Amino acid sequence: MALILEHPRGGQELGIGFTPPYLAPSTVGPVVLKGVNYASGGGGILNLTGRVFGGRLNFDAQIDNFANTRQDIISSIGVPAALNLFKRALFSVTIGSNDFINNYLTPELTFSDQKAASPELFVTTMISKLRVQLTRLFNLGARKIVVANVGPIGCIPSQRDANPGAGDSCVAFPNQLAQLFNTELKGLIAELNSNLEGSEFVYADVYQILEDILQNYVALGFDNPSSACCHVAGRFGGLLPCSPTSKVCWDRPKYVFWDPYHPSDAANVIIAKRLLDGSSNDISPVNIRRLFQS
């Protein structure tokens with residue numbers, strides 16, 4: 001989860017620069033007035049997600065950290081100014097993929113019996129937890145909140161290598177899980193906008209955008225839609241995480257995926273542009289530029 005506050009002198013598009021990580025020693029004082037990034041690799045909606053990674057911060061802990069920043073800002077500029085700042089700020093929430101990749105699809109990583117649950121029950125558990133978390137974020141002062149859905153995780157290199165039976169195709173089941181979650185998430189966003197007066201929750205359809213990139217990768221300038229640029233082992237380079245000893249492709253902009261799990265910078269630029277200025281097919285009820293200007 002990344003909290004982005006309005007910063008009129010930074011950045012290329014909205015006037016927002018890169019937000020510093022919450023745990024950086026330098027993220028103190030006036031710096032936090034321009035935005036803070038609370039994201040944590042391996043974190044998820046559910047607290048068991050990514051347990052094997054030890055130090056990951058799940059969404060509850062990330063909101064706890066924002067609550068700490070919130071108190072620091074109130075102490076610095078006072079309650080009225082702080083609440084006005086939060087009201088104008090953009091909050092970006094991108095979470096959920098790890099709950100499938102590092103939890104439901106790999107129960108051995110969480111030491112749980114989640115795989116025994118049906119997909120519908122697991123997704124219901126995720127949505128119930130996320131409802132509480134997003135409501136808490138609203139109660140802490142957030143108003144403009146962009147929530148990205150889960151992308152086509154069955155197409156990432158790690159899932160392709162974990163399921164060789166799929167051949168050259170994306171793996172169907174993980175994508176079905178993502179679509180099941182996304183349907184419920186879209187309904188949750190509408191529910192929160194209806195029930196939380198003054199809220200502006202926005203649903204970002206990253207699944208559709210990335211699927212479009214994968215289906216039209218040649219026209220968009222890519223050569224490789226399935227393998228990791230940074231790779232160690234596996235047909236698609238998806239068996240091991242990217243590390244300092246990994247091999248790296250020489251033509252990075254030609255790859256849709258950077259590593260076993262994440263889109264490349266080139267793909268992220270396309271995703272970002274469509275969320276920034278796209279139609280309601282990509283992001284609704286408004287795009288990020290309109291949300292920022294409201």
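Predicted model: local features only at pLDDT ≥ 70, side-chain atom pairs only at ≥ 80, totals over all residues.
Packed helices come up first. Two packed helices are described by the angle between their axes and the distance between the axes. Here, helix 4 covers residues 119–139 and helix 6 covers residues 172–195, and their axes come within 10 Å of each other, crossing at roughly 35°. The crossing of this pair is right-handed. On the helix 4 side, the contact is made by P119, E120, V123, M126, I127, L130, R131, L134 and T135. Helix 6 brings in F173, L177, L180, F181, E184, L185, L188, E191 and L192. Sorted by class, the residues in this contact come out as 13 nonpolar, one polar and four charged.

Next, the aromatic rings. Searching the whole structure turns up seven aromatic pairs. One of them is F66 with F86: the ring centres sit 5.8 Å apart and the planes meet at 75°, so this pair counts as edge-to-face. The two partners come from distant parts of the chain, 20 residues apart, with F66 in helix 1 (residues 59–77) and F86 in helix 2 (residues 79–88).

S284 and P285 are joined by a cis peptide bond, with omega at about 10°. As for where this proline sits, P285 is in the loop that runs between strand 10 (283–284) and helix 9 (288–293).

Methods
Residues numbered from 1 in each chain as written. Heavy atoms only, no water. Axes fitted to C-alpha atoms, helices over the stretch in contact; angles between N-to-C directions. Helix = DSSP H or I, 4+ residues; strand = E, 2+ residues; numbered from the N terminus. Left-handed = near helix turned anticlockwise from the far one by under 90°. Contact = heavy atoms within 4.5 Å. Nonpolar A, V, L, I, M, F, W, Y, C, P; charged D, E, K, R; others polar. Phe/Tyr/Trp six-rings, centres within 6.5 Å; stacked < 30°, edge-to-face > 60°.
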